[in-house]
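Subject: Structure for your files

Hello,

Please read the two together.

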Amino acid sequence: MDSATKRSLSERDICTKFITQAIQQAGWDLHTQIREEVTFTAGRVIVRGKLISRGKQKRADYVLYHKPNIPIAVIEAKDNTHSVGDGMQQALDYAEHLQVPFVFSSNGDAFLAHDRTVTQGTKESELKLTEFPSPDELWRRYCDWKGLDEPANSIVTHDYYVDGSGKTPRYYQHNAINRTVEAITTGQDRILLVMATGTGKTYTAFQIIWRLWKSRAKKRILFLADRNILVDQTRTNDFKPFGQAMTKIQKRQIDKSFEIYLALYQAVTGTEEEQNIFRQFSPGFFDLIVVDECHRGSAAEDSAWREILDYFSSATHIGLTATPKETKEVSNITYFGDPVYEYSLKQGIDDGYLAPYKVVRIDIDRDLQGWRPESGKRDEQGYEIEDRIYNQKDFDRNLVLRQRTELVARKVTEFLKSTGRYDKTIIFCEDIDHAERMRSALVNMNPDLDAEDRRYVMRITGDNNEGKSELDNFIDPESRYPVITTTSRLMTTGVNAVTCKLIVLDRRIQSMSEFKQIIGRGTRIDADFNKFFFTIMDFKKATDRFADPDFDGDPVVIYEPGPDDSPVPPEDEDGTDSIEGGEPGDDGSTISDPFPPDEPGEPRRKYVVNDVTVSVVAERVQYYGKDGKLITESLKDYTKKTVRQAFTSMDDFLNRWRDADRKKAIIQELEEHGVLFEALADEVGQDYGPFDLICHVTFDQPPLTRRERAENVVKRNYFTKYGDEARKVMETLLEKYADEGIENIEEIGVLKVQPFNQIGTPIEIIRAFGGKKQYQQALNELKQALYAA
């Protein structure tokens, strides 16, 4: 093929005619070792007001596998107008995500090879098409890099479980599974996996155990959890394929004939020696122990879990957690070692596998300014109130301001009325008393829905059996009620309400682990129930924790409405809050009891006052950037800086805008860079489109509204060159632009909706222009006219 013809081929043609052939000729099996156009992220969820869209997915042109589920190489292809190495940087990004060592770029003339295992000498070299390495060569180099000998090789290459449904692990689950199995085969016996809540830790653990069990590297396995519901869910869902080889230890009965054991750690330990059922097993009985949610005290030297781990010390121990606990008293890393793999909340949100979130920050005057009782003032019970200044730390713990509770309930109700009154909501309160008062206040704020079903608002706390019995209904996406739950430590149950859309924090939370746990209550995405993001309403300044370097989430905006403002934010995302008194389990009862008592010991005196007025005082918006860091400058300054990172000058922006066939692509690119168009429009003006917002804010140009741009086109008698029917279509497109913006007229599907369907069918409309090509040309000319200088 001559060079001119080759340069005219598309990227896909280059792949089919040159790259795929070269790989196959090197010995790679097309059906089991080569996958083309592999999409491995879902695309970040982008929230624009109430509209949801997805960011760009990551898609590798080729991923090469030693065998299914064990990737070892990535190839990025370009058409022949590019150089051989033009795809290398993109390929290296994909290789980092997929954790593969061998990276290639090609334009169909040759390969540029990059070896990430090389630390000295040549890392990159150009290869002829006929010189592509064979599967055996790359696998040998991979094993040398990982230190895998022949016995280890047979374990590392053992098959994953496949159920025939087509379900396969996500890329980060592959990474976690493969890194763990490799670590075990090379002699590591204490392993920590850190994966954000909602990313499938139990499914990941199942695949690890399955491969080790089937390869007979591990013959008897114990899976430990601290919640009965977690054990039962694991047994009936992810671990179901173990079938008759699996049992659950319960009623303190031991049967040594099984190979896979699931246990609630409380079921095998106790305060008396004879209650320590696990000692009925010999110390060498288990050769693998997996500890779920190991941050909840399992690595503490005096914890019951640690007693089990010490007894079975010869076994390999794997700890699973979303929030590794590092304090003077407890350290997961000291016990398990550094994580063999981490997948953070921020990564999950970036990849589109976890839901982003908005934060509404509301500051109450008494919280900020404090309150001091006048001399001799008594509360509702007649107790004289101690003379001192009470502040946010005291409210609802030592002092109850009834009007403050009512204000919080009112703001929550206002929010739900604006977004959806049946959106599942969790309100975290200081203690049981506070949770009950909040429940009552919310019932009074929502008498119509309470009359519809008394379970609209429920208190779910450790002392209330009726409330606890409704927990499963609250978690069940199919169950409408309860809608709002008030609690103090609902998150310590370790179960998730997938459809929870609002988390309210009216409690001080000072533990970073618990802070992350709370956020984890809402991070799962459920497309079937339109759950793509959630909101955190913060009354206790918990979202200050986003500045903590230990936090790895990815919020976008914190909104602080004024006294008369709607609690619904204009458009942004962020974080949450935490409790005084430490981590769940610190009082010794939290871990074993899904509904722990709020405070051990003597009840504290709590003053109750009804005649102290409260109000909302803060009225500012704080944003968090794409990197998860707090943006301290103004929104306009932030936008200017962000746009200038993507475009070097106004001419660069104007040229890109003018040359883009679809302006929506430029808008999406800016959104992916972190530009918040909805919030910017709230500040500058809702009638301005993205083009004018950018030109005005970034390049100091006077903006025109969409209506003004449309009228300028009309003044130039632009439509006289069209026939009557085509002119009517163009006028309608222009009107739709003025009302809704450029994105809505770029898609040909707009011709199916009002008012175009009154003009004719899409085919009839396109025919009025002479055909689809002529219609697209007319639309492009209209867009050029709209943005003419």
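Two strands are said to pair if DSSP finds at least two bridges between them. Helices (H or I, at least four residues) and strands (E, at least two) are DSSP runs, numbered from the N terminus. This is a predicted model, in which local features need pLDDT of at least 70 and side-chain atom pairs count only at pLDDT 80 or more, while totals for chains, interfaces and linings use all residues. Residues are numbered from 1 along each chain as its sequence is written, and side-chain values use heavy atoms, with hydrogens and water left out.

The parallel sheet

With pairing in mind, Ile221 stands opposite Leu288 in strand 13. The strands concerned are strand 10 (residues 221-225) and strand 13 (residues 288-291), which pair in the parallel sense over 4 bridges. They belong to an open sheet of 7 strands in the order 11-12-10-13-14-9-15, with parallel pairing. Strand 11 (246-249) and strand 15 (341-343) are at the edges and have a single partner strand each, so one side of each is left without a neighbour in the sheet. From one strand to the next, the twist averages 15°; for angles, axes are lines fitted to C-alpha atoms, for helices over the stretch in contact, and the angles run from 0 to 180 degrees between N-to-C directions. Helix 8 (residues 228-236) packs on this sheet and touches strand 10, strand 11 and strand 12 (260-264), where contact means heavy atoms within 4.5 Å. The direction of helix 8 makes about 155° with that of strand 12.

Another open sheet has 6 strands in the order 1-4-5-6-7-8, and its pairing is mixed. Its edges are strand 1 (34-39) and strand 8 (124-128); each has a single partner strand, so one side of each lacks a neighbour in the sheet. Here the twist averages 30° from one strand to the next. Strand 5 (residues 70-77) and strand 6 (residues 102-106) run parallel and are joined by 5 bridges. Ala77 has Ser106 in strand 6 as its bridge partner. Helix 2 (residues 11-25) lies across strand 1, strand 4 (59-67), strand 5, strand 6 and strand 7 (110-115), and runs at about 15° to strand 4.

Cys695

Cys695 lies in helix 24 (residues 690-699). Is Cys695 buried or exposed? Its relative accessibility is 7%, so Cys695 counts as buried; buried means under 20% relative accessible area, exposed over 50%, and partly exposed in between (1.4 Å probe, protein chains only). Leaving aside neighbours within four places in sequence, Cys695 is in contact with Phe653, Leu654, Asp700 and Gln701. Between Cys695 and Phe653 there are 8.8 Å from C-alpha to C-alpha, and they are 42 residues apart in sequence.

Regards
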